[in-house]
Amino acid sequence: MARSNFYQESQFPSPFQQTWMEFKKSHMAMIGLVLFAIFILLLLFAPVLAPYSPDQQDTESLLLQPAWDPRGTFSYLFGTDSLGRDILSRVIYGSRTTLGISILMVLMAMLIGCAIGAFAGMSRGLRASVLNHLLDSIMSLPSLLIAIIIVAILGTGLSNCMWAITLALIPQFIHLTRDMVRTEWHKEYVTAARLDGAGKVRILFDSMLPNMTEKLVVSGTMALSTAILDISALGFLNLGAQAPTTELGAMLSEGLEMAYVAPWTITIPGAAILLMLVAVNLVGDGVRSALRYRLHQ
Amino acid sequence: MQLLDIKNLTLEIETNSGTIKALDKVSLSLKKGEISALVGESGSGKSLIVRTIVGAIPDRWKITADRMTWKGQDLLGMRAAKRRRLIRDEMAVVFQNAVGALDPTATLGEQLLESVPSRLLPKHSFWQRKQSRVEIANRQLHRVGIKDHVQCMKSYPHQVADDVCQKVMLAMSLVSQPELLIADDPTMGMEISTKVQILRLLTKLNQTKNLSILYVSHDLLAIAKMATNMTVLYCGQTVESGTMEALRATPFHPYTKALLDSAPSFRKDLPRKSQLSSLSGTIPTLQHLPIGCRLGPRCPRARRECVKAPATRKVHGHSYNCHFPLFEDC
Amino acid sequence: MMYAYIIRRVNLLVVTLFVLTVASYGLAFLFPGDALMNLSGVVTTDPDQYAELKQKYAFDSNYVYGFFVYLGHILSGDWGISLYSGEPVLEEIARYMPATIELSSYALVLSMLIGVPVGFWAGLRFHRSIDYTIMTGSVIGFSIPVFWLALLLIIVFSLQLGWLPMSGRLSLLFDIPQRTGFILPDILLSDLPNKADALYNAALHMVLPAMSITIVTSAVVVRITRRSVADVMESDYMKAAIARGFSPAQAIMRHGIRNALLPILPQIVMQFTVLLTNAMIVELIFSWPGIGNWLLQAIYLRDYPAITGGMLAVSALVIMVTLSMDMLIRAINPLKRRDVHGTI
């Protein structure tokens, strides 16, 4: 059959598809996504993937070198620490704790922050002004500093750290949502929905939220990288995860005393944190630039 | 004297979906003291021609032309520094979007003073140079119709109205006393009274200072009054060019006719309540350009031959690119 | 307009500091132990002295009055006594704070000196191979946990190569009287015979801590600068400048640099807060006698007067630096954009 239309049929992908197509084009972003997927797999299947239990001590082989060292063995790929625990297994479990808790914290902070932000964005007058003033001042304090202060009050420990970092992450989501709600509120499509008689809640969920999702994802990845950095920093400072819990930052601080004899007890957990952050940041960058490309087209 | 002569200019842009000929064998020429109009719908490549002439296009875009000369000097083969000097001294450009074309963090005064060429300043008395620079700038501001030059000079672009920016842009381009003014839709978004004022200023400069103007616009009414020549562009192809009268009296190309017909004020005989004529369809996107004559799919007279690009034919200085012109007998 | 802005900002500063003092007063009650002891830092079993303290902090009255009495003490410089060292908290802060400011400001200046030009380079070569190379480096630099980086640097440069000292601020051989609290000026002001040696030694001690902070911060500065430069290069006015007959280099010099730098200055200044936090962690690793190290020790030792005092001091420093820089930038920026919380 002859082609009836002269021009090629052009399919117009949905905004999400456009973002995804743009995201796929960037090799860096895809590398990040694959790395991130690997970490998620580690998180989900740690007990299956780890060769040993993180607490299992092999008193025969303390401070064993990694496998690439002539003195190392393949039964302990990354070597052992001063208590004879397998570093590979500990890194897997540590990543699980660090990443899992960070994701949990970010989701929680996002939920609370967006709720408050949407409320602040829609309210006017004194209430909004007070909130803005408070937010502006809290925003200027770095999240880790806030977290350290909160931990100082609540006392050390992993769960206290979780609360502290979640609290410290909330302001940025409030700020973001508030600003987005403010700008979107004046756009025509929202006005149209309002003229149709849609209530505030309906406008927020049906009209505005789809337009904000990707920006939320971008700031979510940023918050995730902050959260990972903060939780491991607190772990490293001995304010976070305590002894029996395996956490990457805490592993670093445990390896500290043996740094001269066994540098791998420090380099390997640190490299795991680095890889995790690189993955998160690459994904965040990818989504951000895909989004920028789509919006500027 | 032939000032600007462009023959078969082709501009290829690399995109994700392959190479696109954004300009396809465009020809344009301009004599000294002439006002020439470049007409076409938005997206037809008018602004690209302007940017190609002044060399403000990215390096990765490929330009080819049989001829592209300024007063007989080849613009494409010229060294970059020489070309820049030429553009700075002898040509001037007014851009479409004046607010965007002005540096947002510099005052209008700074930018205007920056455009005053040093050749207009007194040679020996360097202590008077600043003063005379300011004087020249102020005089130019008055000329384009800005009365309060003090306020204007110290304002930032975002502090003044859009049409003031437009006027300052015009002042910046005229202050160097160029031979050719390339005006890319200079009256866009202006009120009608300001627009008339600017057009009058341009006509006056043309008559008194023998300034050549390449007027790029889709405002047929304004063009018809001032321009002596007209070049019509469609989708990056030259469609027809010639003197204003010839084109209006006997358009050869179906597109030119459609364009002229679409402006009701050109047709005194238009019966009341009759349909305004227009071509069916829309301008194709750059990704989906038809082969051959790009008007093909929309042209009422298109035939099989139109899939090959028509060669330029010339009748009494009136050239057109069409296999089946409207008045074959001419 | 401008005055309204300044008033708004100063107002913000006062409100924030007020909230912080409320928090630190509240903390004394939230911390474990006796609230009065947490506030004053005086440990006593003597009932007379206890009554005197009670009198001093107006503990018989309600909390609001008590708070204002406490505020009065804070304002007059009585921040209580450290439970651990028994010295006045404010004096300790004044002793440790300069070391932190010194380290942070060197790192900030270095980061800008490195980050801005490299960011410009990447932005001017946007989406070319050199840009990708720089961005890869920057993503890694941005992702490195600063404490790990510091440890790596120690392992490589101090333990294995032995080039640089791994802890402290100055070799114990030198005895520098403290005047300004900043080590380099102090050495210059001192009347030691071997000033040059002392300076060299102090500089060596500073290399590793400053380097670990600088690497992380300059990676962020590179990203910010590159984005802004790329945006400016895309803009109409740069194209217009080139169309007017400027060479690309001239156009960048005259119109590019200012437009690229002005919008990102606030974002770069915002990095100071992150930098300060990093400095606090790095101080602990290098035993740098700064406020971060001191505050963390206070947390380990549960020295509550010191914790509240340190928190107050660090937050006040951060807020005052950001606000004053913000105001300064606003004064020089003709585009009165209200863009304090930037993105990277």
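Before anything is counted, let me say what counts: helices are DSSP runs of H or I with at least four residues, and strands are DSSP runs of E with at least two, both numbered from the N terminus. What I am showing you is a predicted model, so please keep that in mind throughout.

With that definition in hand, let us take chain A, whose secondary structure comes to ten helices and zero strands. If we look at the contacts in chain A with a separation of 6 or more, residues 24 or more positions apart account for 71% of them.

One helix of chain A deserves a moment, namely α7, residues 188–195, which is hardly covered, since the count of buried residues among its eight residues is zero. After α7(A) comes A:Gly197, and the phi of that glycine is positive, near 95 degrees.

Let me now turn to chain C, which has 13 helices and zero strands. The C-alpha trace of chain C spans about 85 × 55 × 40 Å along its principal axes, and 44% of the 344 residues of chain C count as buried. Among the contacts in chain C with a separation of 6 or more, 71% are between residues 24 or more positions apart.

Within chain C, helix α4, residues 63–75, has 13 residues and reaches 18 Å from its first C-alpha to its last, which is close to the 18 Å expected at 1.5 Å a residue.

Next, a pair of helices. Two packed helices are described by the angle between their axes and the distance between the axes.

Finally, let us see how chain C meets its neighbours, beginning with chain A, where the contact takes 34 residues from chain C and 32 residues from chain A. On the side of chain C that touches chain A, the elements giving two or more residues are α1 (2–30), α6 (129–143), α7 (146–160), α11 (248–285), α12 (291–301) and α13 (304–332) of chain C. Which of these gives the most? That is α13(C), with seven residues. By class, the residues on this side of chain C divide into 27 nonpolar, seven polar and no charged.

With chain B, the contact takes 15 residues from chain C and 20 residues from chain B. Here α10 (236–243) and α11 of chain C each supply at least two residues of the side that touches chain B, and α10(C) gives the most, with six residues. The residues on that side of chain C divide into seven nonpolar, four polar and four charged, whereas the side of chain C that touches chain A has no charged residues.

Terms used: Residues numbered from 1 in each chain as written. Chains lettered and ligands numbered in written order. Predicted model: local features only at pLDDT ≥ 70, side-chain atom pairs only at ≥ 80, totals over all residues. Contact = placed C-beta atoms within 7 Å. Nonpolar A, V, L, I, M, F, W, Y, C, P; charged D, E, K, R; others polar. Buried ≥ 20, exposed ≤ 12 C-beta atoms within 10 Å, placed from the backbone. Expected span 1.5 Å × (residues − 1).
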